[in-house]
Amino acid sequence: MSPDAYDIKAKLGVVFQDVAVFEELTVYENIDYFCGLYIKDKEKRKQYIEEAIDLVGLEEFKKYHPKQLSGGLLRRLNIACGIAHKPKLIFLDEPTVAVDPQSRNNILNGIQKLRDGGATIVYTTHYMEEVEIICDRIIILDKGKVLATGTTDELKELAKIEEKVTVEVNGLSPQYLEAIRKLENVDEVTYNGNILLVTYKKGKNNLVELIDYLKKESIRYNKIYSERPTLNDVFLELTGKELRD
């Protein structure tokens, strides 16, 4: 793309992981500056700025300077600056890193509105729960290589485990853990604190069989629930569980 390809650039929005705004400008002035790079009509730009402010929830902070904002508010401003000109293709690089839960929820809601409004979103994140919420198609990358691509359901089919059962139970002795490991279809058993996690390779009645075993051994438990593999499970299987720098 050439430096003067403004028609193309006007259709693109980029939100970097590192916040890139002007400290000497207010929230409104920052958004006005970045929007003004592509929207010259003053009335239209004013409308776009207000819509961007509303989208990220910064109505009460228009006159604030960046140094007066919390980390979550600052990231919301960063997003508003990148999308105020209503681009058709938006690149978002880990926009929820190190923000509070309220800001994270607000950011995700805003991204969903952009998606539902017709924009194409390219979203980079390590948070698989965010991927499940907002992404239609997913690419798992590791060290620059594509390991898998598909929808959420398609990627979950790659998981080597069929089911995870979590039990809240106190004082489970090693002999019981060993017996559970020998139950049919069991792949792995872990017990940390009072949480027993049993993963299964296959099978449809695993939860019932585990409950029957606990009942037979008169083992009392507080909570028990079953779930399918998550995208996080798939990600760890494909990329490995060792710590990264």
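Which residues line the largest cavity? In this predicted model, the lining consists of L55, V56, R76, I79, N106, I107, G110, I111 and L114.

**The cavity**

A search of the whole structure finds one cavity of 30 Å³ or more. The volume of the largest cavity is about 50 Å³. Helices α3 (42-56), α4 and α5 are the elements that give two or more residues to its lining. Helix α5 contributes the most, with five residues. By class, the lining of this cavity comprises six nonpolar, two polar and one charged residues.

**Confidence**

The chain has a mean pLDDT of 92, and 98% of its residues reach 70 or more. Among the elements of the chain, the lowest mean pLDDT, 85, belongs to helix α1 (residues 6-9), and the highest, 98, to helix α2 (residues 27-36).

**The parallel sheet**

Three strands in the order β1-β2-β3 make up an open sheet with parallel pairing. Strands β1 (12-15) and β3 (120-124) each have a single partner strand, so one side of each is left without a neighbour in the sheet. From one strand to the next, the twist averages 10 degrees. Helix α4 (residues 71-83) packs on this sheet and touches β1 and β2; the direction of α4 makes about 165 degrees with that of β1. Strand β2 (residues 89-93) pairs with β3 over five bridges in the parallel sense. Within β3, Y123 is the bridge partner of L92. Helix α5 (residues 101-116) lies across β2 and β3.

**The antiparallel sheet**

Four strands form an open sheet in the order β7-β8-β6-β9, and their pairing is antiparallel. Its edge strands, β7 (186-192) and β9 (223-227), each pair on one side only. The twist here averages 15 degrees from one strand to the next. Strands β6 (residues 163-168) and β8 (residues 195-200) are joined in the antiparallel sense over six bridges. Residue E163 stands opposite Y200 in β8. Two helices lie across strands of this sheet: α8 (residues 174-181) across β7 and β8, and α9 (residues 206-216) across β6, β8 and β9.

| α4 (71-83) | β1 | about 165 degrees |

**The largest pocket**

The volume of the largest pocket is about 780 Å³. Of the 30 residues in its lining, Y123, T124, T125, I138 and I139 are the closest to its centre. Two or more residues come from each of α5, β3, α6 (128-134), β4 (138-142) and α10 (231-239). The lining of the largest pocket divides into 15 nonpolar, seven polar and eight charged residues.

Residue Y123 pairs with L92 through a bridge and is among the residues closest to the centre of the largest pocket.

Conventions: Residues numbered from 1 in each chain as written. Predicted model: local features only at pLDDT ≥ 70, side-chain atom pairs only at ≥ 80, totals over all residues. Heavy atoms only, no water. pLDDT = per-residue confidence, 0-100. Pairing = 2+ DSSP bridges. Axes fitted to C-alpha atoms, helices over the stretch in contact; angles between N-to-C directions. Contact = heavy atoms within 4.5 Å. 1 Å grid on protein atoms, 1.4 Å probe; cavity = no way out; pocket = protein on both sides within 12 Å on 5 of 7 lines; lining within 4 Å. Points joined across faces, edges and corners; volume = space filled by probe spheres on them. Nonpolar A, V, L, I, M, F, W, Y, C, P; charged D, E, K, R; others polar.
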